[in-house]
Amino acid sequence: MKPGEGSSVAVRPRAGAGWVVRWGLIGFTVAFMGVFILVPVVNIFWQAFSGGLGKYAQAFYVSPPLPGVEGAEADKLADLAENAAQNRAAIGMTLFVAAIVVPLNALFGIAAAWWTTKFKVRGQSLLLTLIDVPFSVSPVIAGLVFVLLFGAQGYLRGPLQDLGNSWGQTLFLGGLVRGLVYTGTHIIFNWPGVVLATCFVTFPFVARELIPVLQAQGSDEEQAAVSLGANGWQMFYRVTLVNIKWGLIYGVILCNARAMGEFGAVNVVSGNVRGANVTVPLRIQQLYEDFNLPGAFALATLLAALAVVTLILKAVLEKRVEKAT
Amino acid sequence: MSIVVAGLVKNFGDFRALDHVSVEARAGELTALLGPSGSGKTTLLRIIAGLEFADAGTVGLEGEDTTDKGVRERQVGFVFQHYALFRHMTIFENIAFGLRVRKRPREEVEERVRELLRLIQLEKLDGRYPSELSGGQRQRVALARALAARPKVLLLDEPFGALDAKVRKELRRWLRRLHDEIHVTSLFVTHDQEEALEVADRVVVMNRGRIEQVGAPAEVYRHPANRFVAGFIGEGNFVEGRVVAVADGWARLDTPFGTLVASAGTTPPAVGANVSACIRPEAIRFDAAPAGAPNVLHGRLCRTVYQGEVAQHELALATAASGAPVEWKAFELNPVVGTDRAGEEVTFWMTPENVILV
């Protein structure tokens, strides 16, 4: 039944008790959403703009004092400029990580969904379970696991060094591995760690979204495409990809929102060093600890805006996905 | 452009879907693969198409061995039971797909698709999407799509299976006329014997992964090779008997209902052989038999189902040896059934050519 098609008739309350239950539930829901969602979001924007637009803008850019100018005013200006530069670095880092993680997980999600739905292979249910692991493991634990694997005393550090040594002479990859391990450029407490942790935490989103879509569509159209002379790529590009388009975009948007907002796992692997490998959520915490509330709330508005945009897109896309299946 | 398969074997786990199947679909003919579900007919079709591969045996299309070729290289047109149209493409683009992936020039694609739209009588609907079409229209589009790249053979998997009875009848007549026009070698799978008899030039009857009989519709109906074919295509009343004499193409049988005279067929049975005879329900006549006619039997009407053009009778026949009466089915065309005739004693007969040895 479509919403509103007959449900209001079927559950139409008689005067009296029904009215109380109905408005009681509606009131409770509205009050709950107001207290736990609306008020905090409004508060973020309220706090961020409480000092005026100028103050808000200062979180993102302050021109440093002119050379030669000294004194307390200039020192304060230099501090503000440094602060803003670190905020911008955090925004850059978040965008950089998302730019790597989201395409990777989109590819992985398509591959996993394709494999588990179009073929009947042993081990499928195991893979389906594994895909869900990031949902069931606390992100902090995930971060710690990466530290244990790749950190200074990590289990994989020795093998990685050996790998770097043995491949180092000939292969580009060997050079890369060696570079990561030796030259002080490590995986942990560095951007590769942040990317790894974010990848791990966000990888179910696309796959989980696509699996039911692919399952509902079956493989008839793919078979038809091949029987009409399409090669594997043509079949995927012209038939499958178009059919899963909306589901894919939907999954990517959710994946992106989580990748940009992830705190726990990234906090562990980044080392939380000031000015280095700090993403927006980490930077917000740093500002908060420095009692720089206007700065913290100014950055928080970015994440809040991301959430709102994501919600709107989600609502629009959900309809499209429903139509396609 | 014939299809020749030889010694095909296909197992799904412990289940043997095809058991050494060898059959030929002649060039330019419309051949039906007829059998109950699980008989292996769809598996056979999919192996011919290259959508599945056999464990043993060969597939030849137009004299060329295509056993190990993939579906792309075989140049077959395949029509799926549930259409499998591309839901996000217009009717035009659906039909054009096979030409587009082969990178044919734009003008050629346009011309060919227009031609096919005319052929399936859906010229006005080229801009619609599959979801906006009726089932019959969708299946016509699927057929046009399969024909677009001029396949060597056309394979149809239960093409009318998902349609309601009326549309199914219209569409199969249309398919027959279409085939008379384009003469592409075609093989179609069906479990509906009426459909197979009506549409096909030749019928291949399958059961449990084996081929039971191959022949023209009249041949498989009038001269079923065995009891399975006789029972699956149409209905039959079976009687066991012993051959007591063979002469002039007739065989005289000794049966529990007395002596019956049957058509001996092309390979007459030996005298003394135990045989089965099949009598079609519609061959049983209730009018007065001419004097001296053979095959006159007596029975009692158990039940009559009146269906307008035909009445289906259930007859109980007493056997010569004492035992439970045997039930036969009889169809009476243009029946006059007004009152309850259950329990009535009737006399009926059939001509010797309608007593078929199987």
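Colleague: Which residue stands opposite B:Leu155 in strand 8 of chain B?

Modeller: That's B:Leu187. Keep in mind that this is a predicted model. The two residues belong to a pair of strands: strand 7 (residues 153-157) and strand 8 (residues 185-190) of chain B run in the parallel sense, paired over five bridges.

Colleague: And in what order do the strands of the sheet come?

Modeller: The order is 6-7-8-3-9-10 in chain B, six strands in an open sheet with mixed pairing. Strand 6 (76-79) and strand 10 (210-215) each have a single partner strand, so one side of each lacks a neighbour in the sheet. From one strand to the next, the twist averages 15 degrees.

Colleague: Which strands does helix 5 of chain B touch?

Modeller: Helix 5 packs on the sheet against strand 6 and strand 7 of chain B, and its direction makes about 165 degrees with that of strand 6.

Colleague: How should I read a core?

Modeller: Here's the general idea: in soluble globular proteins, nonpolar side chains tend to be buried together. In this model, the largest nonpolar core has 99 residues, and B:Leu33, B:Ile48, B:Leu155 and B:Ala277 touch the most other members. Helix 5 (residues 135-147) of chain B gives the most to this core, with six residues. Another core, of 61 residues, lies apart from it and includes A:Ile110 and A:Phe297.

Colleague: What is B:Ile48 in contact with, leaving aside neighbours within four places in sequence?

Modeller: Its contacts are B:Ile3, B:Val5, B:Val59, B:Leu155 and B:Leu187.

Methods: Residues are numbered from 1 along each chain as its sequence is written. Chains are lettered from A and ligands numbered from 1 in the order in which they are written. This is a predicted model: local features need pLDDT of at least 70, side-chain atom pairs count only at pLDDT 80 or more; totals for chains, interfaces and linings use all residues. A nonpolar core is a set of buried Ala, Val, Leu, Ile, Met, Phe, Trp, Tyr and Cys residues joined through C-beta atoms within 7 Å. A residue is buried if 20 or more other C-beta atoms lie within 10 Å of its own, exposed if 12 or fewer, and partly exposed in between; C-beta atoms are placed from the backbone. Helices (H or I, at least four residues) and strands (E, at least two) are DSSP runs, numbered from the N terminus. Two residues are in contact if their C-beta atoms, placed from the backbone, lie within 7 Å. Two strands pair if DSSP finds at least two bridges between them. Axes are lines fitted to C-alpha atoms, for helices over the stretch in contact, and angles run from 0 to 180 degrees between N-to-C directions.
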